[in-house]
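Hi there,

Here is the structure I promised to pass on.

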Amino acid sequence: MANLAIVTSASIQHGAGGVLALAARAVTKRFPGVIANDQVNFDLARGEVHTLLGENGAGKSTLASVLCGLYRPEAGQVVRDGKEVRLNSPRDGLAHGIAMVHQHFRLVDRFTVAENVVLGHKSLSFVLATAEIEAKVAAITEEFGLPLDPRAVVGELSAGERQRVEIVKALYQGAEILLLDEPTALLAPPEVEKLFLTVRAMTHVGKSVVFVSHKLGEVVDISDRITVMRGGKVTGSVRRGEADVRRLAELMVGREINIVSRRAKSPVGEVLLSVSQVHLERDGAAMLTDINLEVRGGEIVGVAGVAGNGQRDLAEVIAGLCAPQQGNVTVCGTPTAGRGAGGARRAGLAYVPEDRLGTGLAPSMSIRDNLVLTRVRDFLVDRKSALLEAETFIKQLEIKTPGPLTPTRKLSGGNAQKVLLAREIFAVSGARVLVVCSPTRGLDVGAVETVHALLDEARDAGKAILLVSEDLDEVMTLADRVLVLYRGRITLEQTGLDTNVDRVGQAMAGITT
Amino acid sequence: MILLGRRVQVEQRMAVPKSAVVIVPVVSVVFALVVGGVFLALTGHPPIRTYLDLLDNGYTSFYGITDTLGLATPLICTGLAAAFAFRMNLYSIGQEGQMYLGMIGGTWVGIVLADSLPPLIAVPSVLVFGAIAGAAWIAVPAFLRARLGTSEIVSTLLLNYVALNLVNYFIFGSTGFFRDPTTSFPQGRAVAESARLSPMAFFTDKVTNAYPTLFVAILLAVFLFWFMRVSNYGYETAVYADSPNTARYAGMNSAWLQSSVLLVSGALAGVGGAMYVVGPAGKVDPGLLQVGLGYAGIVVAALARYNFLAVVLAAVLFAGLRTGGNALQVSNDPVPIAIAVVLQGAVLLFALGGELFRRNKVTLVRVQRATT
Ligand SMILES: Nc1ncnc2c1ncn2[C@@H]1O[C@H](COP(=O)(O)OP(=O)(O)O)[C@@H](O)[C@H]1O
Ligand SMILES: [Mg+2]
């Protein structure tokens, strides 16, 4: 695997099989404040599985939505079978045999499978020929290995089954090209394998598949080609057999991984956070297995890993939001596992969740009111001191806002994150342990710098910080020690200066040496 | 919706402009009056004069406004009840039934205890017991919602029918405790005199239909307005309403928040029923079943956008449309009740529809033909 061929996408004219089924030519799509797709080139051959790989926010869904007709690009073209097409709606896309299965399913819960499959189908007669439809649905499920009962009510199906409904629906409508947006996000491993069989069955009969994913580990097996996106741009493209997870990881997180770092200036103190032998299961699937870690005052321990390997569960267990089946969590000497979020906070824990606006902050409430969220409140809420605090933070951290009474949802991502961090670092009385998840996701360079400086400052103030981040760059920059989380286990631990980026990258992809 | 090659495009406003807050309700009412006027004209009633009549009978004449205030009193309570629950995204529509239970519970205390109590204690006991009965009536839906996540909409609605039949049974179906034992005529047993209030005279010697409980209702509204703004309980419910995930993150107890909010909502509706007892009725009175004050409370809450102080105004507005509308039927040019109802409906529809314009920017865009 050492030999890898990275081809810039512009140089690829023909994919694996020869005939190009679908292509994007210099597609640009903007959203307020971001260029989601910046001159993106992408193509798909007949019978090919072409994976679109990238971190969250890289622009994958946007590109797929352009290709299926949901979004219209500001510039660039969509080419189908060598001819430019203008797609104004997903219906136009379907007319060209292009269908997309979205990350969030678009099904009617109360309808049966068969009803959902024909929903929105153009040539629908007034009275549904139920038997005929069900027969056709059954034939599709048979051919492509998508076991489903056409009469089952969709509301009662599992996520995996719903996804099959979406795929059957696309095939029923005559899709030749299927765009699957993060199809494995909601699936358990055995279901993923079944999905891969379906994908193979489709390419076998000449259909093509665009497979969108941000999970590096799983895509290598299924893909004929992998194109990596980052920050709205294509950063590289590799063919089957040339795929090297290490380099793919690098393409995903950025070419240069800066190791000019912020490290602890003072010697570390006592252990403030310890997690021992934690085991967590959800719905029978093991999410965390035998997790042991310690964080001392005055150090930042980084948890690296590709998204979906248990990061969120780890943070939630420590924050008291979910109770592990086994194991202990100790915050400043107090056992907190199973004592709820309040218990963990009382013991001295502060937590910055990955989802700022939907979890860390109450979006419609003001900056002032959000500052009292995680503090001990009396019968009457003391908003006066919160107002002063808000004004201080706004000034010191240069938070851009009309004032402390502005709802946090009106803040940009960076400013919302400053509010959240300020609250958790400074305003929580006595919190000496800080768990921070993906603190800079989606922020611009300036805000990233402020956030990193804040974390650095908190470390120097003697706090014990656990930094959980999918951004390897960030972990390498900030952490004094690095752990790698892979499939719910800690597979690698490295300390400070001997941190080897290559080994961390490999561990993130599940390769241990 | 496509109109003349243009499509109506609705976009959520990032910030609601100050002017929209004032203009939209005014325009809504004007539109409603115009639509109502067309109806009146079509049915052969002079719109302007009918409106003036309505205004007089509902608001500006002495008996008009006192009747309106009397009707508004329990309506404020049911409106507060609905607003309290709806603010938390709990869609209890059981105010009607909880109000009946408040009437039953209040009457029970009024009959059993009040004889031995002075009015200063008897009247509050009736109100408190009404509140307890109202809360009890929503206890099961509240438990189901908080523990099992069962929709409160259906469970509270179903209990309205149970409560309705309960009242009918007590008065028409049985000769039990709540039935007046002194006559064979089916009517409720009266509560003790000490549990009744006299109507307010407003510095005249006239007998009105408004009772001092009006001030209790207004005080409740003011208290809730203040309490939910400054208290930790108000804060936690607001966070939960805004984002349940955030509440969970902050370690709030969502089951407690949901069930307590529903119980308080039930209690508020129950107080409304008890006010009917200490005020005009003095007994379990099936007359309350005809008025629909519980359902009207939902409308009032929606009109007030769940603001407790605005509930008072909305309740008076709504009650005035009612009393004014009723009075029109008996004027010398009787307007059928249907028209009065249409008027009410038009005001409400436009007021609620106006909300769309307040929250969203509505524009017409040219439809681009698909070129494929
Ligand atoms: N409908 C939208 N409105 C505004 N911004 C959007 C929208 N969809 C995506 N974006 C932004 O575009 C960028 C790329 O998003 P997306 O294509 O969803 O990424 P991915 O699917 O790779 O995670 C992100 O910064 C995201 O916030
Ligand atoms: Mg996406």
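**Salt bridges and their surroundings**

A:Arg151 is exposed, with 57% relative accessible area; here buried means under 20% relative accessible area, exposed over 50%, and partly exposed in between (1.4 Å probe, protein chains only). Before going further, some housekeeping: this is a predicted model, where local features need pLDDT of at least 70 and side-chain atom pairs count only at pLDDT 80 or more, while totals for chains, interfaces and linings use all residues. Residues are numbered from 1 along each chain as its sequence is written, chains are lettered from A and ligands numbered from 1 in the order in which they are written, and side-chain values use heavy atoms, with hydrogens and water left out.

Back to A:Arg151, which forms a salt bridge with A:Glu134, with 2.9 Å between the closest N and O atoms. A salt bridge is a side-chain nitrogen of Lys or Arg within 4 Å of a carboxyl oxygen of Asp or Glu. A:Arg151 sits in the loop between α4 (130-144) and α5 (159-172) of chain A and A:Glu134 in helix α4 of chain A, so the pair ties together parts 17 residues apart in sequence. Helices (H or I, at least four residues) and strands (E, at least two) are DSSP runs, numbered from the N terminus. A:Glu134 counts as buried, at 13% relative accessibility.

Over all chains, the structure holds 26 salt bridges. Another of them joins the side chains of A:Lys29 and A:Glu74 (3.7 Å, N to O). This pair links distant parts of the chain, 45 residues apart: A:Lys29 is in strand β1 of chain A, and A:Glu74 is in the loop between α1 (60-68) and β4 (75-80) of chain A. A:Lys29 is buried at 11% relative accessibility, whereas A:Glu74 is partly exposed at 44%.

A:Arg80 also forms a salt bridge, with A:Asp81, at 3.5 Å between the closest N and O atoms. There is a network too: salt bridges link A:Arg282, A:Arg312, A:Asp313, A:Glu316 and B:Arg248.

**Where the chains meet**

How many residues does each chain bring to the contact? Chain A gives 38 residues and chain B gives 26, contact meaning heavy atoms within 4.5 Å. About 2200 Å² is buried between the two chains, 53% of it from carbon and sulfur atoms; buried area is the accessible area (1.4 Å probe) that two parts lose on being put together, summed over both.

The rule finds 2 salt bridges across this interface. The side chains of B:Glu236 and A:Arg377 meet in a salt bridge at 2.9 Å, N to O. On the side of chain B that touches chain A, the elements giving two or more residues are α7 (213-230), α8 (232-242) and α9 (244-249) of chain B. The largest share of that side, 6 residues, comes from α8(B).

A:Ala26 is found in strand β1 (residues 20-31) of chain A and is partly exposed, at 27% relative accessibility. Its C-alpha lies 6.9 Å from that of A:Gln77, although A:Ala26 and A:Gln77 are 51 residues apart in sequence.

A:Thr401 is in the loop between α13 (383-396) and α14 (413-427) of chain A and is buried, with a relative accessible area of 19%. Leaving aside neighbours within four places in sequence, A:Thr401 is in contact with A:Ile367, A:Ile394, A:Thr406 and A:Leu411.

Happy browsing!
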